Amino acid sequence: MSVSPGQDNRRLFTGVCKNTYACYSAMLARSSVCPVQIFLVANPRIAAQRTEEIALQAKWLQPEKTLRVLHFPEYPPPGIDSERRLKRNGQRLSVLTHLLRKSSEQTILVATPEAIMGYCPDMAQLREKSIEIRCGQTHSFSAFVSRLLEHFNYDAEAICEYPGQMATRGGLIDIYPHDADRPYRIDFFGDEIESIRSFDPLTQRSSETYHSLFIPADLEPLKSEKNTNGRVLDSLPDSSITWVLEEPNQLVQEHPQRFSASANNSESLLPLLENTSLLPAGAITGLSQIDQSPTLFKHAERIEAATEPIADYLFQ
């Protein structure tokens, strides 16, 4: 299968059945020198499913090579219940902090155009409101606790069980970071961090040991006039990103504002996707079952893919 880019750094794969979208994403990421691939889907419900599929395909293709596949959900709408809002903000924050830390791992970000170009906190402000602690560091215990409570928006509780909570006793700080899937126990000896361990919130028993821990502030209090649309791209230079668009025509139809030529630059993807001089070779790839002449790929190289649905080979 040829994957050479067209002259304007775009290519459109046609004849790609739905079962192979994830496989193409993983293959394109494996063959790219860029550290980040943004995989755009039209439906937010499909994004989580596609994330799992791409991760499985990537592991199957090259199990020895690490590839992080992350789902970046849309900002929670007004009226969503508090538990779902907390979970979704935690997912978003986990992705944002991963990008902030400039990980050397190759990453695929699965999202809708709305998630990428919608509301996002100012990345510089988020970096300023985060801290990475390490074993052996010295911090005033009382000042550190006050900072987490007053500036990072953690709630003091008797027991730490949910994201955004912390508890103290003696020289221990139990904290459940806003972006984490488990709480951590920080053991101080005086003002020195002696150990960092994760623990089970149900049994309160410690488990794995860590050398460092990244603690971000909560997303909600970071709302300010600096928070605008599309800020998630602030931490990613154009030359470090490749784009894969699943069914380009569907993306434009279901997210017209995010592909509008008249929209403000902070609200539309077009200025970025059309200025291919700033993007690396093969930076923009479309995956489509049928060539419907999507505007974004008007002059792109066409590559016919010989794929067929798995269902065609299942016994009835």
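Me: How many helices and strands in the secondary structure of the chain?
Reply: Eight helices and 15 strands. Bear in mind that this is a predicted model.

Me: How much of the chain counts as buried?
Reply: 50% of the 316 residues.

Me: And what share of the contacts join residues at least 24 apart?
Reply: 68%, taken among contacts between residues at least 6 apart in sequence.

Me: OK, cores. How many residues has the largest nonpolar core, and which have the most contacts inside it?
Reply: That core has 38 residues. Those with the most contacts inside are I38, F72, I116, L233, W243 and L245.

Me: Which elements each supply at least two residues of this core?
Reply: Strands β2 (36-40), β4 and β13 (241-246) do, and so do helices α3, α4, α5 and α8 (270-274).

Me: Which gives the most?
Reply: Helix α3, with five residues.

Me: What does L245 touch?
Reply: Beyond its sequence neighbours up to four places away, L245 touches L40, L251, L273, I284, T285, G286, L287, L296 and F297.

Me: What other core lies apart from the largest one?
Reply: One of 21 residues. Among them are F13, I54, V69 and A305.

Me: Back to α3. How many residues, and how far does it reach?
Reply: Helix α3 covers residues 82-100, so to speak 19 residues. The first C-alpha to the last is 26 Å, close to the 27 Å expected at 1.5 Å a residue.

Me: What sits at the start of α3?
Reply: D81 does the work there on the side-chain side: one of its side-chain oxygens comes to within 3.2 Å of the backbone nitrogen of E83.

Me: And just after α3?
Reply: K102 takes a positive phi, about 50°.

Me: Which residues of α3 are buried?
Reply: N89, G90, R92, L93, V95, L96, T97, H98, L99 and L100.

Me: What covers them?
Reply: The cover includes strands β3 (67-71), β4 (106-111) and β12 (212-216). It also includes helices α4 (113-117) and α5 (123-128).

Me: R30 next. Where is it, and is it buried or exposed?
Reply: R30 is in helix α1 (residues 21-30). R30 is buried, at 11% relative accessible area.

Me: Which backbone oxygens lie by its side chain?
Reply: Those of A58 and Q62. The A58 oxygen is 3.0 Å from a polar atom of the R30 side chain. For the Q62 oxygen the distance is 3.1 Å.

Me: And which residues does R30 touch?
Reply: A58, K59, Q62, K65, T66, L67 and Q106, not counting residues up to four places away in sequence.

Me: Switch to L109. Where is it, and buried or exposed?
Reply: L109 is in strand β4. L109 is buried, with a relative accessible area of 1%.

Me: Which residues is L109 in contact with?
Reply: Q37, I38, F39, L70, F72, V95, L99 and I116, leaving aside neighbours within four places in sequence.

Me: How far is L109 from A47?
Reply: 9.7 Å in space, C-alpha to C-alpha. In sequence they are 62 residues apart.

Me: Aromatics. How many pairs, and which residues form a cluster?
Reply: The count is five aromatic pairs. F141, F144 and F188 form one aromatic cluster.

Me: What sits over the ring of F199?
Reply: The charged end of R185, 4.2 Å from the ring centre.

Me: Last one, E157. Where is it?
Reply: In the loop between β6 (155-156) and β7 (165-169). E157 is partly exposed, with a relative accessible area of 38%.

Me: What does E157 touch?
Reply: Q165, M166 and A167, not counting residues up to four places away in sequence. The C-alpha atoms of E157 and A167 are separated by 5.2 Å, and the two residues are ten apart along the chain.

How values were computed: Residues numbered from 1 in each chain as written. Predicted model: local features only at pLDDT ≥ 70, side-chain atom pairs only at ≥ 80, totals over all residues. Heavy atoms only, no water. Helix = DSSP H or I, 4+ residues; strand = E, 2+ residues; numbered from the N terminus. Expected span 1.5 Å × (residues − 1). Buried < 20%, exposed > 50% of the residue type's maximum accessible area, 1.4 Å probe, protein only. Contact = heavy atoms within 4.5 Å. Polar contact = N/O pair within 3.5 Å; in protein donor to acceptor, adjacent residues only side chain to side chain. Phe/Tyr/Trp six-rings, centres within 6.5 Å; stacked < 30°, edge-to-face > 60°. Lys NZ or Arg CZ within 6 Å of the ring centre and 35° of its normal. Core = buried A, V, L, I, M, F, W, Y, C linked by side-chain atoms within 4.5 Å.
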